[in-house]
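Subject: Structure handover

Hello,

Here is the structure you asked about. My notes follow below it.

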Amino acid sequence: MQRSRLVAAALLLVVGFACCTEAKTPIFIIPGIGTSNLVGRKTDARFISQCPLLSGGSLIPGLPQTPVSVWTPGAMLAAPACWRYMMQLKFDHASGRFSDQDGISVTAVTGGTSGMDPITYPLFTAAGYNSLALHIETSLGYTRGVDLIAVPYDFRQDLTAMNATGELQRIADVISSGVEKNAGAKAVLIGHSMGGLVATALLSAPEFAEWRSEYIKGFLALAAPFGGAVPAVSARISGQLLGMPWLTQQLLGLSVDEAVYGSTWGQPSVVMLLPYSSALPSSMVLVSTPSRSYTVAQLQELLADIGDQAAADMFPQVHSLERLLAAPLAVPTACVYGRRVATPLRWRFSENLKPKQRARPGRREASGMGDGVVNIQSLRLCRNLISGPASAWVSELADASVDHVSVVSGAAGHKAVSEMLAKLL
């Protein structure tokens, strides 16, 4: 009997060792702004009249409430004012904290076991991330929901808000769970656009140092706007947003400019993404009108002039991406982005800007190189996070077909991602 027990124990050890040695390094994809599905729930029946989309479900104790999809064409078309109410966050200037509007709670949908479920997370497909996931599956033998997982998040929040509200911790918990399900093999994070900033916040914040050491093996930043992006300025003024074709698909039947303008009003993540002097000179003009111009250094004044006082008030707190670039990250880090697409640097508006009135779309008055959304100087700030030689860890794609979207969905971007993953995995 004793011998049988010893044999069984030995077999368990062998099986356990084989399991652990076969586990792949799990990969987590953190998408860009506007590509996570958000749902709303009512928390107070008194506000149903203000937001009729939330009239369904139940407030009776013990009965589940049906959440309402927020970031979809249906919500925008059915009740635009209600939709804006759900999309906008309240900012308490005294405490510096953000919260949902009265009577509602808005959260990101997890997207099933893989984070990529096409029903609960259709934006993942619309934005091209499904193409990247498929490439990783076929070229590296990964399996969605097992060792390849997407992490949606509340993209309305800036990084300081995400830390204060526990959103960063929620993302970290999703990653921790995925690592533990893969025999403890440390993870590689792939962050695209704003997702690259979110990943960097997790990898640089002191409060996540122990978590990072235990769970993270490497990080790949795809087209991350570490110095902001000029299109964020035009989006806030007129709703005009270039280089994001999935928004056109999702907002079919509704004015895209009107929808973007409404959703960016007082939104901390958009304020966070406005250009920085680390990427463009402080004296550089970004916006010109018949009566005046606004430079990189005058963005807070611009927000006040268009009547978005909440955004102007939060500006000193949330316009803070420079903090991410203070030192190289403690994990191997790689950067991939395009550099050969004309990218807007200055907008000209034919009329003077008016408070709380959406401006007519402007025209691009000056352009530079980049990926069509983020200028090259902003993209190159990714190098500040790398401790090794840039020649080994930075891939600047000179292919003119590689823009802000195709870097995750096109063949050239896939090739560069595979090459960097080979070094990180």
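Contact here means heavy atoms within 4.5 Å. This is a predicted model, so local features need pLDDT of at least 70, side-chain atom pairs count only at pLDDT 80 or more, and totals for chains, interfaces and linings use all residues. Residues are numbered from 1 along each chain as its sequence is written, and side-chain values use heavy atoms, with hydrogens and water left out.

Start with Q240. Helices are DSSP runs (H or I, at least four residues; strands are E, at least two), numbered from the N terminus. Q240 lies in the loop between α10 and α11 (245-250). Its relative accessible area is 14%, so Q240 is buried. (Buried is under 20% relative accessible area, exposed over 50%, partly exposed in between, with a 1.4 Å probe and protein chains only.) Leaving out residues up to four places away in sequence, Q240 touches P231, S234, A235, D257, W347, P361 and G362.

Next, helix packing. Axes are lines fitted to C-alpha atoms, for helices over the stretch in contact, and angles run from 0 to 180 degrees between N-to-C directions. Angles under 35 degrees count as roughly parallel, over 145 as roughly antiparallel, 65 to 115 as roughly perpendicular, and the rest as oblique.

Helix α10 (residues 231-238) packs on helix α12 (residues 256-264) at about 95 degrees, with the axes 7 Å apart. The two are therefore roughly perpendicular. On the α10 side, A235, R236, I237 and S238 take part; they meet D257, V260, Y261 and T264 of α12. By class, this contact has four nonpolar, two polar and two charged residues. (Ala, Val, Leu, Ile, Met, Phe, Trp, Tyr, Cys and Pro are nonpolar; Asp, Glu, Lys and Arg are charged; the others, Gly among them, are polar.)

Helix α3 (residues 80-87) also packs with α12. The angle is about 40 degrees and the axes are 8 Å apart. That makes α3 oblique to α12. W83, R84 and M87 of α3 meet E258, A259, G262 and S263 of α12. The classes here are three nonpolar, two polar and two charged residues.

Look at R84 in helix α3. Its relative accessibility is 27%, so R84 counts as partly exposed. R84 touches E258 and G262, again not counting residues up to four places away in sequence. R84 and S263 are 179 residues apart along the chain, yet their C-alpha atoms are separated by 5.9 Å.

Helices α7 (residues 167-180) and α8 (residues 194-204) pack at about 85 degrees, with axes 11 Å apart. They are therefore roughly perpendicular. L168, I171, A172 and I175 of α7 meet V198, A201 and L202 of α8. That contact has seven nonpolar residues, with no polar and no charged ones.

Now the aromatics. Rings of Phe, Tyr and Trp (its six-membered ring) pair if their centres lie within 6.5 Å; planes under 30 degrees apart are stacked, over 60 edge-to-face, and the rest tilted. The count comes to six aromatic pairs. In one of them, F124 and Y129 have ring centres 5.4 Å apart and planes at 35 degrees, so the pair is tilted. Both F124 and Y129 are buried. Y261 and W265 have ring centres 5.7 Å apart and planes at 65 degrees, so that pair is edge-to-face. Y261 and W265 are buried too. Y121, F124 and Y129 form one aromatic cluster.

Last, charges over rings. The rule is NZ of Lys or CZ of Arg within 6 Å of the ring centre and within 35 degrees of the ring normal. The charged end of R292 sits over the ring of Y294, 3.9 Å from its centre. K423 lies over the face of W393, 5.8 Å from the ring centre.

Best wishes
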